Amino acid sequence: MMLEMSSRQHLYPTITSTNEEVDSESKTCGKILVVLSWILVIVTMPFSLFICFKVVQEYERAVIFRLGRLLSGGAKGPGIFFILPCIDTYARVDLRTRTYDVPPQEVLTKDSVTVSVDAVVYYRVHNATISIANVENAHHSTRLLAQTTLRNTMGTRPLHEILSERETISGNMQLSLDEATEAWGIKVERVEIKDVRLPVQLQRAMAAEAEAAREARAKVIAAEGEQKASRALREASEVIGDSPAALQLRYLQTLNTISAEKNSTIVFPLPIDLLTYFLKAKEEV
């Protein structure tokens with residue numbers, strides 16, 4: 001064991017010194033190539049200006065690599081920037097907001113119901129350097145992550161929450177995506193759930209349940225109306241019973257209502273007092 005430890009201790013300084021030598025050699029070669037590139041620019045003046053000067057738009061940034069290393073100072077732009085021929089390469093990054101229409105995802109909800117959900121994701125690049133240096137394709141990675149996040153979020157909620165709490169679910173998805181894509185230089189601005197498609201059989205079952213609930217409410221309302229009407233009729237009969245003249249006025253009002261309609265009904269008004277007279281005469285006999 002002591003021999004192994006001593007051999008490792010002797011080996012580590014050797015590796016460190018070797019790395020330092022490689023770094024110093026690469027820096028020396030890089031300086032030489034930069035000098036040669038400047039000489040090439042000066043010799044080919046003014047034709048080299050057409051190659052060395054580049055322009056990016058207001059909504060773009062340029063990430064420059066010199067000899068494979070990220071150039072200090074961050075992304076360049078907007079406007080004109082300078083590159084050295086043969087040793088500098090650059091990548092344009094669009095900072096405008098992009099829209100991704102998430103294709104329909106088949107999701108099994110928490111209460112074991114299969115639904116098809118689609119959404120829209122709005123995102124943009126907020127750090128051009130990180131989006132180029134940390135991930136191969138930031139846009140493609142964000143889109144794949146949006147699909148998996150949609151499935152995972154919907155799979156943890158029951159159907160009634162998915163149908164009634166879309167805004168809450170969209171906000172949770174936006175926070176989750178924004179946190180995951182921060183390391184890629186992506187800012188997720190908004191997530192919107194477009195549509196939730198249910199199976200046809202489930203739609204029929206829900207429609208039948210809703211129709212039955214509506215019919216039950218209609219019956220309850222009709223029963224309450226009949227109850228109130230019966231109470232009103234009882235009160236009206238008590239009032240009319242106390243005043244015989246009120247019954248006669250009600251009778252005349254009914255005749256007026258019937259005569260106002262255009263029909264072939266013939267009404268013969270008969271005074272109620274006359275009927276009362278005949279009834280009393282019959283009782284006396």
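Okay, a definition to start: two strands pair if DSSP finds at least two bridges between them, and strands here are DSSP runs of E, at least two residues long, while helices are runs of H or I of at least four, both numbered from the N terminus. With that in hand, the sheet. Three strands form an open sheet in the order β3-β2-β5, with antiparallel pairing. β3 (69-70) and β5 (88-94) stand at the edges with a single partner strand each, so one side of each has no neighbour in the sheet. Strand β2, residues 60-66, is joined to β5 by 7 bridges.

Quick caveats before I go on. This is a predicted model, where local features need pLDDT of at least 70, side-chain atom pairs count only at pLDDT 80 or more, and totals for chains, interfaces and linings use all residues. Residues are numbered from 1 along each chain as its sequence is written, and side-chain values use heavy atoms, with hydrogens and water left out.

Now the aromatics. Rings of Phe, Tyr and Trp (its six-membered ring) pair if their centres lie within 6.5 Å; planes under 30 degrees apart are stacked, over 60 edge-to-face, the rest tilted. The structure holds 3 aromatic pairs. Take Trp-38 and Phe-82: ring centres 5.5 Å apart and planes at 15°, so that pair is stacked. Trp-38 sits in helix α1 (residues 2-43) and Phe-82 in strand β4 (residues 79-82), so the pair ties together parts 44 residues apart in sequence.

Then there's Phe-53 with Phe-82, which is edge-to-face, at 5.3 Å centre to centre and 70° between the planes. Phe-53 belongs to strand β1 (residues 53-56) and Phe-82 to β4, so here the parts tied together are 29 residues apart in sequence. Put together, Trp-38, Phe-53 and Phe-82 make one aromatic cluster.

So, is Trp-38 buried, exposed or partly exposed? Partly exposed, with a relative accessible area of 41%. Buried would be under 20% and exposed over 50%, with partly exposed in between (1.4 Å probe, protein chains only). Phe-53 is partly exposed as well, at 40%, and so is Phe-82, at 27%.

Last stop, helices. Axes are lines fitted to C-alpha atoms, for helices over the stretch in contact, and angles run from 0 to 180 degrees between N-to-C directions. The axes of α4 (residues 138-155) and α6 (residues 166-181) come within 10 Å and cross at roughly 140°. α4 and α6 are therefore oblique to each other; under 35 degrees counts as roughly parallel, over 145 as roughly antiparallel, 65 to 115 as roughly perpendicular, and the rest as oblique.
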